[in-house]
Amino acid sequence: MIRMKHVMKIGIGVALSFMALASVAQADEFKLSNNQRISCSRGLSAGKLKTSTCKSYAYLFNAKTSEYFRCQVSLALTQDNKEVINVQADGSCTKKPRIFDTDGNYSFDATETEPPNTNSFFGTGGYAIWASDTTTQKIRGCITISSGLGSDISKCLDMTFQ
């Protein structure tokens, strides 16, 4: 009877260990893009105040589901010739749709267009996401461009190999 209790305890412990390992193996894995960008601008205000603003973007990718988040952080600094008057910071991530319809083991990269300037054809610009399946020869490129009409235009294409 005592041996049976020990066997049951060991069996339950082994079963719980396998369940824990299985849940870890199926957990989502998030990867940060390698292509973070930062852009800054400066402006002069009345009374010799200077304002500097910097924004940076990054992407967080779910390597299992191919869903991703576009994250942005910004910092605005207002100062005069002697001191910093005001500092404001903000940041958040916005969830974007899946790139592939099925779960897998994906890798990715992302890049932003440069901020608007006199040569900017696409206004506020857009971004590109590249995702690939790490277990097979499969890659998809997605481009999103701001239309300026309230919604972004996005298209993903599967690459062919020649």
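Is tyrosine 57 buried or exposed, and what is its relative accessible area? The close-up views described below, all taken from a predicted model, begin with this residue.

**View 1. Tyrosine 57 in strand β3.** Tyrosine 57 is found in strand β3, which covers residues 49-62. With a relative accessible area of 17%, tyrosine 57 is buried, because that value falls under the 20% limit that defines the buried class. Between the C-alpha atoms of tyrosine 57 and serine 74, which stand 17 residues apart along the chain, the separation in the model is 8.9 Å.

View 2. Phenylalanine 161 counts as partly exposed, since its relative accessibility is 47%, a value that lies between the 20% and 50% limits.

**View 3. Helix α1 and strand β5, the two ends of the confidence range among the elements.** The protein has a mean pLDDT of 74, with 72% of its residues reaching 70 or more. Among the elements, the lowest mean pLDDT, 44, belongs to helix α1 (residues 2-25), whereas the highest, 86, belongs to strand β5 (residues 84-96). The pLDDT is below 50 over residues 3-25, a stretch that has zero contacts in the model beyond near neighbours in sequence. Over residues 118-122 the pLDDT is likewise below 50, and this stretch has two contacts beyond near neighbours in sequence. Where pLDDT is low, the predicted coordinates should not be read in detail.

Note on methods:
Residues numbered from 1 in each chain as written. Predicted model: local features only at pLDDT ≥ 70, side-chain atom pairs only at ≥ 80, totals over all residues. Heavy atoms only, no water. pLDDT = per-residue confidence, 0-100. Helix = DSSP H or I, 4+ residues; strand = E, 2+ residues; numbered from the N terminus. Contact = heavy atoms within 4.5 Å. Buried < 20%, exposed > 50% of the residue type's maximum accessible area, 1.4 Å probe, protein only.
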